[in-house]
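Welcome, and please open your viewer. We will walk through the model one selection at a time.

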Amino acid sequence: MQERVNALRQRAAQELESASTTEEVEALRRRYLGRKGELTQLLRSLPQLPQQERVAAGAALNELKEWLEQRLQERAEQLRAREQDSRLRAEAVDVTLPGRRPLVGREHVLGRMMEEIRDIFRSMGFEVVEGPELETEEFNFRRLNIPDDHPARDAQDSFYLDDEHLLRTQCTAVDVRVMPRRTPPIRVVTVGRCYRRDVVDSTHMPVFHQVDGFMVGEGIRFSDLKGVLAEFARQLWGPETRVRFQPSYFPFTEPSAEIAVSFRGRWLEIGGCGMFHPRVLEMAGIDPERYTAFAFGCGVDRPAMVRYGIDDIRLFWENDVRFLGQF
Amino acid sequence: MELVDLPTPQDPAEWEERFPMLGLGVEAVERVGDDWVFDLETTTNRPDWLGLLGVAREVAAACRGRLRPPQVHLEESDPPAAEVAWVEVADPGLCHRYVGRVVVDVRVGPSPAWMAERLERSGIRSINNVVDVTNYVMLETGQPLHAFDLDRLVGGGVVVRAARPGEVLVTLDGQERRLHPGALVIADRERVVAVGGIMGGLDTEIRPDTRRVLLESAWFHPVAVRRTARALGMRTEGSTRHERGGDPERARFAAARAAQLIQQLAGGRVLRGELDVYPEPQPPRRVSLRPARLRRVLGVEVPDEEAADILQRLEFQVERGPDRWVVTVPSHRRDVEREEDLIEEVARIYGYDRIPETLPVEVMGVGVVAPEVDAERRIRELLLRAGLTEVLTLSLVRADDLERVGIPPDHPLRRAIPLRNPLTQEHTHLRTTLLPSLVEVLRTNRARGNGDVHVFEVGRVFQASEAGWEERKAVGIAQMGRSLRGTWNLPQEAVQASFHSLKGVVEGLLEALHLQGWEIQAEPLPWLHPYRAAGLWVDGRRAGWLGELHPEVCERYDLRGRAYVAELELAPLVEAARTIPQYRPLAYTPAVERDLAVVVDSSVPAGEVVRVVREVAGGLLEACEPFDVYAGPPVPPGRKSVAVRMRFRDPARTLQSEEVERLVERVRTALRDRLAASFR
C-alpha cells in the first residue's frame, strides 16, 4: 500500500506541476479527490484491508490526502494569480500618452487684473459701481470742472458722436454721476473702458481701461488719499512697494498729484489723484465746507504690461490663444 | 545759475528728482559740455513755467534762493515810438494787452554763437539776430514775441481784429492760410499780416534788409488763440504759450528786454516809449486762506510760520489774520483762484513726501458690489469654469464689419452708432454685437495656426434705436476646433466643437444661474447656418441666439472649418436668475427606468418627443432624456428613431412595475396619436 501511495503522490505531483490553468487543477482535484476520485476510492477500500495493515495504510492515505489538498490549493492560487496577471497585462495602458484634458478657461490678463483691483477696493469698504461708456459732455467734462474751452476738451483727443455725446475719456465721469445720488460718507470705485483718439502703436490703443474712485466725508484728508492708495499699491504690487506722490494738475482736483509705484527697481507711473475741487463737490450738491473728498484714477493696461512683462499693448486685443494661455 | 542766487550750491543731478517733487516732470536730462539740459514737462495750469524765469522762480522758492531776473536798461532815442508807428486793438475780447516797441537802424545778421547755441539746445533754429531775440526772450520769460518789418506794414502800424470773410495770409512757413471769419489776426491798414499769437506773415517778416522793427508783446485771449490755431491746424511755440494764458504784466518787461537785446546784437536805436494798449488792467487777485483748513485738508500739521513763509517765497503777499489770511496773488500766478489753490501751493513746496499716509477715520463700511457688476462677475466665472477663455475686443469696429459677418442691411443690428470724428478706417462705428469681434478672434488664431479656440467676452454693445442710443451688456461665445486635448484614438465628432457643444455651454450657464423658464428653439438667422441656428428665450423674453456660423461667413474670414457662435443678452439672464437657490428634498426611494425607441417622421425634433412624454407621463416622471437618435435600416426611409430614457420615482414609496407599465403605455398612446409614432 505504501508503494501505491508513493506512486500516487509522485504522479499527482507531476500532474500538478504540468497543470497550466485553474481548470486543469480543478480537474485534477476531481480526479483524485472527487466522489469517484482515485484517492477517495482508496480511502473507501480501507475497511477491506486486513486489520494490521489498516492503521498504517489509513495514516498514509490521510497524509497523502492532506498533502494533495494543500498542493492543489497552492497550485490553484499560483495559477489564479498568473491568470489574473495575464488578463490585466492585456489591459496595460501607455502612461506616456497625453491625458484627456478638458479645456480650462483662462481669464484675460486685463480682466484678471481688473477683478483684483475691484476686490482690493471692496475689501477697503468701497462700493463697486459702473457707469455708461457713452457719455455726455456734462459728466465727462463740465461736472469735472473742465469748461468748454479747456484744452482737455480738444476734439482731437475724444471720439464724439454728436455735439453733446462722446465716448468717455476717463472713468471719473462715473464719480460725478454717482455723487449726487448718495449722501456722505461715500466711497465708490469703478473699473472700466475709456476711449481716446490715439493712433494704434505698441503703447497706445483707442480703447483702454481705468480704475477710478473717490471718497467723500467730513474730514477726508490728503494724507488719507496717500494712505488708501499706498495700501492699494501694496496689495496689487506687493508688500514692499513704495508709492510716490508728485504735484500735478487736473481741473477737478486741488491739490493734485501723480502716483508712481516702485516696481522691480524703477518708478512706474500709474495714475493721478487729488482732493476733489470744491467746485466739483458743489456741482454734485455736496457742501465743500462741510465735506472734503479725494479722488483717483489709475490706468490698468500699461501697468499690466509692466507687471507681466508685456512689450506691446496690442497683444491684449489680438487674443492669440497662445498669449491668453500664458496667464 | 544765471537767474537765481542760491544759498547753497546745488547738484544738478539731484534736480532730476527734485523738479518732479515741485510738479515739473523731467522728460530727459542731457549733459552738453558743462551744462545740464533738462527737458521739463509742465502742467497746463502753469503758463509761467513756459519761461525759464518761471522755473527759476520755483527753484528759488524751493531752496530759499533769490530770483535774479535780467536787468533791463534801455537807452531810448527820439523820436517817440508813437510818432513812427501805431498799435490798435479793435476787438478787446481778443486781446487784453498789446505792447509795441520800435527799434530802428538795425543791421540784420547772424546771432552770436552763445545765443544760437542756447536756442538750438531748446529746439529752436537760429534765423537772424532779430528773430532770435524774440525767441530767446520768449524762452526766458514765457512771453511770445513777434517782430514785424515796420517798413512793410501798410500805414505803419497794426490792429488786432477778427478776420473778415475771405481773408488769406501766407505765413512764415510759406503756407497759404485761409482764415475763418472771427480768427484772431493782426492786420495793417490793408491786409492781414499775422495770425495773432500763432505765426507771422511771410511778407512782413524780418529780412536781411530790414531797418525798422516793430516788436509785438501781447496778451491774446487764450480761447481765441486756441480756436484759431485749431481751425488752422497749427501749433507753435507761441500758440502753446498763449493758449495757456500768460501774464499781461509780463508783456511790457519782455518787450523792453527784447528791444535791449536787439540793440545789443543788431545795433539800432530803441525809440522812446512803448505803444501800450491795455484798456482794463487787472487788479491783483486776493484770496483768503484759513490755516486751520489747510491743515485739515492736508492731514499734516504745517505750522503757520512755515505756510506763510512758503507763500512769500512764491511771491505771494500774506496778510495774516487770526483765523483767516488774505493772500495777494502775483500777476504771473493767475491760476491761483481760491483757497484750495493756495493749499496746494503750500503742500507742493512743503513737500508731498512729508505728508503722512493715514487711513480715513470715517465710519467703516463693508464694500458692496453693484448688482450689474456682480452679475457680470458671476457669468464670467461660470464661462471660465465651462472651459472658455476670456477675450477682450475693441468696442470700435469698421463700417463694413457688420455686413462682412452676414448681418443684412435692414437688420436692427446694422444700426451702429457712427463716430463723428473717427481716427482710422478701422474704427468708425460702435459695435452693435460682439459677433464681428469674436469672429475676428477666430480668424486671427486660425491664420496663426491655432485651430482650437473656445472663447467668450462679456462686453458692451451699442445701438441706435427710435428711443435714442442704447448701451447694454452682452455675452459672446465663439468656438472652433477641439474642446479636449489629448484626443488620440477618439472619434472626431466627440471632440470637435459642434452646435451641441455650444448649446451645452449655454445650457450649463443657464442652469448655473438657476434660471427656470428658458427655451432654445430653432430660428434661422442670416449670419448662421440656416439649419443649425437657434434662439434663446427666458421667461418668454428674447435673450439671445446661438448656432453654427454661416459657411459663407466662415469662408469670408478664411476659418477653414466650422465655427460656432452665440450671443446672449446680460439683462434678461440676470433679471431671471435666482441668486439664492432653494433646497429641494432628495428622494431615497428606488427609481424605475424605462427606455422607449420612438420612431417618428424625420422632421419631428427630439424635443417634441420629450415634450409629449413630459406632458402625459404625470408627476412620477422624474426625468426624460433622449439617448440615441438613429435613421437608416430597419427604420423606414423618411423616419428616424429617437430613443428616450424615462426615470420614474415616487419619493414616498417604491413604485410597482405595473403602474410604471401603465404610464409607459399612456406615453406610447400619446406619442402614437400626436406624433404618429411607432416603436421599435
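## Stop 1: a sheet in chain B

Select E27(B) and strand E28 (residues 528-538) of chain B: the two pair in the antiparallel sense over five bridges. Two strands count as paired if DSSP finds at least two bridges between them. Strands (E, at least two residues) and helices (H or I, at least four) are DSSP runs numbered from the N terminus. Click on Trp518(B) and look across to E28(B), where its bridge partner is Val538(B).

Before going on, note that this is a predicted model, in which local features need pLDDT of at least 70 and side-chain atom pairs count only at pLDDT 80 or more, while totals for chains, interfaces and linings use all residues. Residues are numbered from 1 along each chain as its sequence is written, with chains lettered from A and ligands numbered from 1 in the order in which they are written.

Now widen the selection to the open sheet of seven strands, in the order E21-E24-E25-E30-E29-E28-E27 (chain B), with mixed pairing. Which strands are at the edge? They are strand E21 (389-390) and strand E27 (518-522) of chain B, each pairing on one side only.

Residues are in contact if their C-beta atoms, placed from the backbone, lie within 7 Å.

## Stop 2: two helices in chain A

Show helix H5 (residues 109-123) and helix H10 (residues 301-308) of chain A, which pack at an angle of about 105° with their axes 10 Å apart. Axes are lines fitted to C-alpha atoms, for helices over the stretch in contact, and angles run from 0 to 180 degrees between N-to-C directions. H5(A) and H10(A) are therefore roughly perpendicular to each other, a term for angles of 65 to 115 degrees. To see the contact, pick Val109(A), Leu110(A) and Met113(A) on H5(A), and Asp301(A), Ala304(A) and Tyr308(A) on H10(A).

## Stop 3: where the chains meet

Colour the contact between the chains: 72 residues come from chain A and 77 residues from chain B. On the side of chain A that touches chain B, helix H8 (residues 222-237) gives the most, with seven residues.

Finally, select strand E1 (residues 101-102) of chain A and strand E26 (residues 484-485) of chain B, which pair in the antiparallel sense over two bridges. Here Pro102(A) has Leu484(B) as its bridge partner in E26(B).

How values were computed
Contact = placed C-beta atoms within 7 Å. Parallel < 35°, antiparallel > 145°, perpendicular 65-115°, else oblique.
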